[in-house]
Amino acid sequence: MKKIIAMLTAALLLMTCCAALAEDTGLADVLAKGTFVMGFDEAYPPMGFVGEDGSYVGFDIDLATELTRRLGVELVLQPISWDAKELELSGKNIDCIWSGLTITPERQEQMLFTMPYLANEQILVVLADSGITSAADLAGKTLGTQAGSSSVDVLDANPELKDSLGEIALSDDFVSALMDLRLGGIDVLLIDSVVGNYYISQQDDPSMFTVLPEVLEAEEYGIALRKGEQTLADALNEQLIAMDEDGTLDAIRAKWFANDITLIAKYADQYKK
């Protein structure tokens, strides 16, 4: 019996070691199939959304288009439900989540992230004529945000604000939440600054909205891959750094953002191979 137990133990250890040393085929798989499937939120301007001609446009899409061209593979755009993004990735329906995805410790436990590439903040937006001038005025008010977004996590991390609210309304996407704010369905919107500021700038009368002075949290966006796909992460990082160094990144940035909020130069030395 002791011999059998010893043999089983040895076999289990061998299997564990083999699993630990399993070859990372992340990049090889993408190159072999010749496509890179980008999972993204199709209602998340200016990162990814439906343009006037019906095609998908946005900063992340422009960035991914150039990066995959350099990798020599075809970019496949796959809209996903934001609430199910982790399942889409783990189920291999997509190769990445690339859609203004905030890097958080909780997400890092589930997924592998590339280097941070864009800075973001969580802001509070109200109608200019609402009488709300700061977070202190939000007691009893209805706050809206996108389900499954980092905004929900930020709200949870601010219990004093959360407990003061009268109601929390979760929308499928930020565009719907912004429309709710405009129509008076909610009193305040908690949203990523890159989306909120872009949406406001596109309105016929941007002055109808006010961004409250409080910034709830500074964040960084990254591209999420499956755990263990370090070769793919390294390849994406290499291309992002090259695009920053040759000016391509800034040209794409200038198309969508007035200010430079890219982070590649800040982190390049840490991620260069």
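This is a predicted model: local features need pLDDT of at least 70, side-chain atom pairs count only at pLDDT 80 or more; totals for chains, interfaces and linings use all residues.

1. Every value here is computed from it.

2. Let's begin with the helices. Helix 2 (residues 26-33) packs against helix 10 (residues 230-245) at an angle of about 70°, and their axes are 5 Å apart. Angles of 65 to 115 degrees count as roughly perpendicular, so helix 2 and helix 10 are roughly perpendicular to each other.

3. Which residues make this contact? Helix 2 contributes Gly26, Leu27 and Val30, while helix 10 contributes Thr231, Leu232 and Ala235. Sorted by class, the contact of helix 2 with helix 10 has four nonpolar residues, two polar ones and no charged ones.

4. Now for the rings: the count comes to eight aromatic pairs. In one of them, phenylalanine 49 and tryptophan 256 have ring centres 6.0 Å apart and planes at 85°, so the pair is edge-to-face. Phenylalanine 49 sits in strand 3 (residues 48-50) and tryptophan 256 in helix 11 (residues 248-256), so this pair ties together parts that are 207 residues apart in sequence.

5. Are these two residues buried or exposed? Phenylalanine 49 is buried at a relative accessible area of 16%, and tryptophan 256 is buried at 14%. Together with Tyr198, Phe49 and Trp256 form one aromatic cluster.

6. Tryptophan 98 is in strand 6 (residues 96-102), and tyrosine 117 is in the loop between strand 7 (112-113) and strand 8 (118-127), 19 residues apart. Tryptophan 98 counts as buried at 0% relative accessibility, and tyrosine 117 is buried at 1% relative accessible area.

Technical notes. Residues are numbered from 1 along each chain as its sequence is written. Side-chain values use heavy atoms; hydrogens and water are left out. Axes are lines fitted to C-alpha atoms, for helices over the stretch in contact, and angles run from 0 to 180 degrees between N-to-C directions. Helices (H or I, at least four residues) and strands (E, at least two) are DSSP runs, numbered from the N terminus. Angles under 35 degrees count as roughly parallel, over 145 as roughly antiparallel, 65 to 115 as roughly perpendicular and the rest as oblique. Contact means heavy atoms within 4.5 Å. Ala, Val, Leu, Ile, Met, Phe, Trp, Tyr, Cys and Pro count as nonpolar, Asp, Glu, Lys and Arg as charged, and the others, Gly among them, as polar. Rings of Phe, Tyr and Trp (its six-membered ring) pair if their centres lie within 6.5 Å; planes under 30 degrees apart count as stacked, over 60 as edge-to-face and the rest as tilted. Buried means under 20% relative accessible area, exposed over 50%, partly exposed in between (1.4 Å probe, protein chains only).
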